[in-house]
Amino acid sequence: MTNPPGPPHEGPSTWAPSEDHGPFGPTSAPTEQHYPAGADTQQASYAPPPLPPLSPTERVTRPSEPPEPPEKKRFRDPLSIVLICVIVVSLVVAGLIGGELYARHVADTKVAEAVACEVQDQATASFGVAPLLLWQLATQHFTNISVSTAGNQIRDAKGMKIDIIIKDVKLDRTSSSKGTIGSLDATITWTSDGIKDSVQNAIPVLGPFVTNSVTTHPADGTIELKGMLDNITTKPVVSGKGIQLQIQSFNALGFTLPRESVQSTLDAYTAKLTADYPLGIHADSVQVTPTGVTSHFSTQNATIPAGENNDSCFANI
């Protein structure tokens with residue numbers, strides 16, 4: 001019994017690596033990947049399908065980079081920067097205007113109250129428009145102040161009105177003063193009816209009988225006071241720091257009396273009205289007009305009283 005013939009001699013296996021002899025020796029050929037039996041060889045070559053090309057609309061709505069935050073765009077916009085600057089400047093200006101108005105209200109009120117206290121009548125005051133009052137308050141230097149009274153009276157003088165212009169006020173508190181005033185100019189008007197009422201009030205009971213009408217004569221600068229019992233002609237002149245009504249003629253009940261007999265009484269009355277003003281204020285001139293009397297008062301380089309421990313009308317300035 002003979003053995004069956006073996007398989008025919010086969011050549012080299014196709015799975016064995018082959019060598020390539022080049023001019024510089026053998027080179028390794030790329031190896032082939034082996035897959036286990038039964039494996040799906042198509043998985044190794046699978047690749048996802050390419051994305052479809054973007055349409056023009058998708059290129060706009062699907063940017064390659066994230067959009068810039070709106071805050072950054074806002075601050076890079078020149079118009080936005082200008083608007084922000086305008087808003088800031090407007091707020092600053094509004095604050096300055098509000099502070100200026102408040103400061104003027106307080107200052108006007110204090111000055112008006114001081115003058116009203118002194119003349120015993122209502123008064124209004126205002127500060128010059130330039131420079132700003134806030135600057136004047138900071139420097140304590142006030143360039144221009146105007147004050148006017150209502151015209152009801154000045155002290156006991158009925159129908160008397162005063163308009164005052166004050167310049168170059170410097171506040172510098174010391175033990176005896178609050179500062180200085182460069183100049184003060186005051187114009188005082190006294191109506192004919194005011195003169196009549198003042199004289200009547202000065203003479204109790206008999207006042208209306210002594211003087212019931214007042215007539216001014218601008219031509220000779222005299223004032224005529226007529227009553228049921230008298231007829232007085234006076235001439236207002238500057239005397240000392242105030243105004244004096246000099247008697248030109250006096251007739252009572254048909255008798256002519258010496259001027260000296262009543263002049264002293266009249267002087268005491270006018271001195272109470274027009275003299276002894278504060279700050280060194282004194283009369284400069286007086287003029288008779290068709291409607292009454294106009295006089296000018298002034299002072300230079302005056303010292304503002306401290307107003308402490310007394311009843312000075314300027315204590316709250």
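**Reading the model**

Me: Is Arg155 buried or exposed?
Reply: Arg155 has a relative accessible area of 14%; buried means under 20% relative accessible area, exposed over 50%, and partly exposed in between (1.4 Å probe, protein chains only). The model is predicted: local features need pLDDT of at least 70, side-chain atom pairs count only at pLDDT 80 or more, and totals for chains, interfaces and linings use all residues. Residues are numbered from 1 along each chain as its sequence is written, and side-chain values use heavy atoms, with hydrogens and water left out. Because its value is 14%, Arg155 counts as buried.

Me: Where is Arg155 found?
Reply: Most residues other than glycine have a negative phi. Arg155 has a positive phi, near 60°. Helices (H or I, at least four residues) and strands (E, at least two) are DSSP runs, numbered from the N terminus. On that numbering, Arg155 is in the loop between strand E5 (153–154) and strand E6 (157–158).

Me: Is Asn301 buried or exposed?
Reply: Asn301 also has a positive phi, about 50°, although it is not a glycine. This residue is placed in strand E15. Its relative accessibility is 64%, so Asn301 counts as exposed.

Me: How many helices and strands does the protein have?
Reply: The protein has 317 residues, of which 31% count as buried. Its secondary structure comes to 7 helices and 15 strands.

Me: Which residues have the most contacts inside the largest nonpolar core?
Reply: A nonpolar core is a set of buried Ala, Val, Leu, Ile, Met, Phe, Trp, Tyr and Cys residues joined through side-chain atoms within 4.5 Å. The largest one here has 48 residues, and its largest share, 6 residues, comes from helix H3 (residues 78–119). Within this core, the residues with the most contacts are Ile145, Val147, Ile164 and Phe297.

Me: With which residues is Ile164 in contact, leaving aside its neighbours within four places in sequence?
Reply: Contact means heavy atoms within 4.5 Å. On that basis, Ile164 is in contact with Val115, Ile145, Ser146, Val147, Leu184, Asp185 and Ala186.

Me: Which strands stand at the edges of the sheet?
Reply: The sheet is open, with 6 strands in antiparallel pairing and the order E3-E4-E7-E8-E15-E14; two strands pair if DSSP finds at least two bridges between them. An edge strand has a single partner, so one side of it is left without a neighbour in the sheet. This applies to strand E3 (123–127) and strand E14 (282–289).

Me: What angle does the direction of helix H5 make with that of E8?
Reply: Axes are lines fitted to C-alpha atoms, for helices over the stretch in contact, and angles run from 0 to 180 degrees between N-to-C directions. H3 packs on the sheet, touching E3, E4 and E7, and its direction makes about 140° with that of E3. Helix H5 (residues 192–202) also packs on the sheet, where it touches strand E8 (177–191) and strand E15 (292–305). The direction of H5 makes an angle with that of E8 of about 100°.

Me: Which residue in the turn of the hairpin formed by E9 and E10 has a positive phi?
Reply: E9 and E10 pair in the antiparallel sense over 5 bridges, and Ser213 has Lys226 as its bridge partner in E10. The hairpin has 4 residues between its strands. The turn residue with a positive phi, about 70°, is Gly221.

Me: With the side chain of which residue does the side chain of Glu224 make a polar contact?
Reply: Glu224 lies in strand E10 (residues 222–226) and counts as buried because its relative accessibility is 16%. A polar contact is a pair of N or O atoms within 3.5 Å; within protein, one must be able to donate a hydrogen and the other to accept it, and residues adjacent in sequence count only if both atoms are side-chain atoms. At 3.2 Å, the partner of the Glu224 side chain is the side chain of His217.
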